[in-house]
Amino acid sequence: MPELPEAETIGRALNSALAGKTIVKVEVFTPAMRTSLVPLTTAGLEGLNFVQVRRRGRYLLADLSDSRALLMHFGMSGVVRVESAAIPRRKHEHVFIHLSDGNIFRFECTRRFSMLEVCVPDSSGIPAKLKDLGAEPLSDEFTGKGFFDACRKRNVPVKNLLMDNAIVTGIGNIYAVETLFASRVDPRKPGSKITLPECEKIVANAKKILLASIDRGGTTISDFRHVDGSEGKFVLDLQIYGKDGQPCPVCGSTITSVRIGGRSSCFCPECQK
C-alpha cells in the first residue's frame with residue numbers, strides 16, 4: 001500500500017498536471033471501488049477548475065474552484081495517470097475526468113480498494129473523513145516528546161504505535177521497519193518501555209528516511225507506480241525491509257522476521273536489542 005512518500009510523489013505530479021485545468025466531463029465505468037463512484041457523475045463537477053493538489057497522510061486532496069475537493073486514496077493497487085484522450089481505456093481504469101487541455105485524468109485500481117470521492121473541507125482545509133488523523137510526520141508537530149507522551153502508557157509494540165494514524169499519519173510498514181532499524185530500537189519493545197532519547201531518535205530518523213524516499217520517488221515493492229508509470233527507486237536504498245535471512249548491513253548478523261500486528265517485521269537481533 002502506498003505510504004507517505006508515494007502519496008507525496010503522486011501529489012506533486014498531479015499538481016503539475018491538473019492545477020488550472022477545467023473539468024469538461026466525468027465518466028464512471030465501475031459502480032464502486034472502496035466507496036461508490038456514482039456520485040461523481042451527479043456532483044456537478046463539469047466547468048470547475050482544479051486549484052491545487054495537496055496531501056494529508058496517505059490521502060490526496062485535489063481542491064476545486066467551488067471550495068470542494070476530490071479525496072483520493074490508492075489502496076493497494078491504485079494508479080493515476082494524466083494522458084491524452086487518444087489513448088484507449090485500460091481494463092481496470094474506473095474513472096475518466098476529461099480536462100480542458102485534451103488530456104484525461106484516469107484512475108485505475110485492479111483490486112478496487114482505492115477511493116475517489118467528492119468532499120467538503122472545513123475552514124482548515126480538512127474534510128470530516130480525515131479529522132482523526134494524527135500529526136504529519138514531516139511537520140514540527142511530530143516531535144520526540146510528543147511521541148514519547150503518546151507511547152508511555154501503552155504496552156503495545158512501538159512499531160504499532162509508529163504506524164498508528166491517530167498518533168502520526170502516513171508511516172506504514174516499510175518506513176516503520178526502516179526507521180526502527182536506523183534508531184536501533186527493537187520493533188517489539190512495548191511503548192511504555194521506550195525512553196525519551198529513543199523517541200527523539202525515532203522521530204529524527206523517520207523524517208530523514210521519509211524525505212530520502214520522497215527524493216527517490218518512493219518505494220515500489222509490487223504495485224506502486226508514478227503518474228508517468230515509472231517505479232519508486234527508494235527500494236534500492238532499503239536497509240532491512242524484506243531482507244529476512246540476509247546479513248545485517250551494519251553488523252553482519254542474520255536479519256530475522258516476526259509478525260507484529262499482522263505484518264511482517266524484519267529486524268537485526270544484534271543492532272536492535
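Of the 273 residues in this protein, 51% are buried, where buried means under 20% relative accessible area, exposed over 50% and partly exposed in between, with a 1.4 Å probe and protein chains only. The model is a predicted one: local features need pLDDT of at least 70, side-chain atom pairs count only at pLDDT 80 or more, and totals for chains, interfaces and linings use all residues. Residues are numbered from 1 along each chain as its sequence is written, and side-chain values use heavy atoms, with hydrogens and water left out.

Let me turn to the overall dimensions. The C-alpha trace spans about 60 × 40 × 30 Å along its principal axes.

I now come to the aromatic rings. Three aromatic pairs are counted; rings of Phe, Tyr and Trp (its six-membered ring) pair if their centres lie within 6.5 Å, and planes under 30 degrees apart count as stacked, over 60 as edge-to-face and the rest as tilted. One of them joins Phe-29 and Phe-96, which is edge-to-face because the planes stand at 85°, with the ring centres 5.1 Å apart. These two residues are 67 residues apart, Phe-29 in the loop between β1 (23-28) and β2 (50-56) and Phe-96 in strand β6 (residues 93-99). Phe-29 is partly exposed at 34% relative accessibility, whereas Phe-96 is buried at 6%.

Phe-74 and Phe-107 form another pair, stacked because the planes meet at 20°, with centres 5.8 Å apart. Phe-74 lies in the loop between β4 (69-73) and β5 (78-84), and Phe-107, 33 residues apart from it, in strand β7 (residues 103-109). Phe-74 is buried, at 2% relative accessible area, and Phe-107 is buried at 0% relative accessibility.

Methods. Helices (H or I, at least four residues) and strands (E, at least two) are DSSP runs, numbered from the N terminus.
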